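Work through the exercises below with the structure in view. Try each task before reading its solution.

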Amino acid sequence: MTHPTPPAVHLRAAVASRGGRPVLRGVDLTVAAGEVVALLGANGSGKSTTVKAVTGAVALEHGDLELFGTPFAKFRAWHRIGYVPQRTTAASGVPATVREVVSTGRLPQHRLLPFRRRDREAVDRALTAVGMLDRASDGVADLSGGQQQRVLIARALVGSPDLLIMDEPMAGVDAASQQVLADTLRSEVARGAAVLLVLHELGPLEPLIDRTVVLRDGCVAHDGPPVPNTGLHALPGHDHVHPHADHTTPRLLA
Ligand SMILES: Nc1ncnc2c1ncn2[C@@H]1O[C@H](COP(=O)(O)OP(=O)(O)OP(=O)(O)O)[C@@H](O)[C@H]1O
């Protein structure tokens, strides 16, 4: 008898607060093995909090989380997950080269053992995938914001994760870097990785996305196939205030 592969992420009825205020109010989110899910929603709707709940950075007050079929409390296989946080700088104030930052993504694989050739090769492959191999010896503080974002993506890729979580990877990234990211994701998906992306609109990643989940005020307002050729605006559950040239007051679009 064959057992079905458990989902990479299975979050049920998640309730969580931040700064003492309720933020997630019963979120269900499943990412099947090999599936690409985009998490959308207005500013403050709880997207980052949801992915932080999935990585354990925000504790659940109620609800359940399973990662690869293992209850969160028993989950130890963090090497199976690559995480790109919401746009922060890759330069933390500590002088580090691009290669050093990407190498930290390999730590769960080799623990405290010295780096072996296969670790160095994995770092080179990840840097090549994001087009940054020629900058490997440069200090990350000397890179542009978009280049730093590529370094953080390489750090997430270097362990060949089974689940890649990226929080707004397209924010502030130019067209060339967006294309690099889309190509990188395509090859990760071809390799069989599941992907959970926080996005503001589907943009160039749209062809890769299997399902969109739209959050609204800490609840799931839509969970289904992506609507072709549209951004967030056309999805159910999206309220957005737009100033329009032909109106003196903003219009509320549903
Ligand atoms: N560290 C924090 N301390 C207190 N409140 C927070 C913190 N981080 C987020 N919040 C609050 O939680 C709510 C949801 O924030 P979250 O970052 O999850 O939203 P988001 O959907 O990712 O938004 P955005 O599109 O702006 O990134 C917001 O009201 C925000 O003010």
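**Exercise 1.** Find which residues of the largest nonpolar core touch the most other members.

*Solution.* A nonpolar core is a set of buried Ala, Val, Leu, Ile, Met, Phe, Trp, Tyr and Cys residues joined through C-beta atoms within 7 Å. Buried means that 20 or more other C-beta atoms, placed from the backbone, lie within 10 Å of the residue's own. Of the 65 residues in this core, Ala126, Ala154 and Leu196 touch the most other members. Helix α5 (residues 145-157) supplies the largest share of the core, six residues. Helices (H or I, at least four residues) and strands (E, at least two) are DSSP runs, numbered from the N terminus.

The model is predicted: local features need pLDDT of at least 70, side-chain atom pairs count only at pLDDT 80 or more, and totals for chains, interfaces and linings use all residues. Residues are numbered from 1 along each chain as its sequence is written.

**Exercise 2.** Give the strand order of the open sheet of six strands, and state which strands stand at the edges.

*Solution.* The order is β6-β7-β8-β3-β9-β10, with mixed pairing. Strands pair if DSSP finds at least two bridges between them. β6 (81-84) and β10 (219-224) stand at the edges with a single partner strand each, so one side of each has no neighbour in the sheet.

**Exercise 3.** Find the bridge partner of valine 37 in β8.

*Solution.* Strands β3 (residues 36-41) and β8 (residues 194-198) pair in the parallel sense over four bridges. The partner of valine 37 is leucine 196.

Methods. Buried ≥ 20, exposed ≤ 12 C-beta atoms within 10 Å, placed from the backbone.
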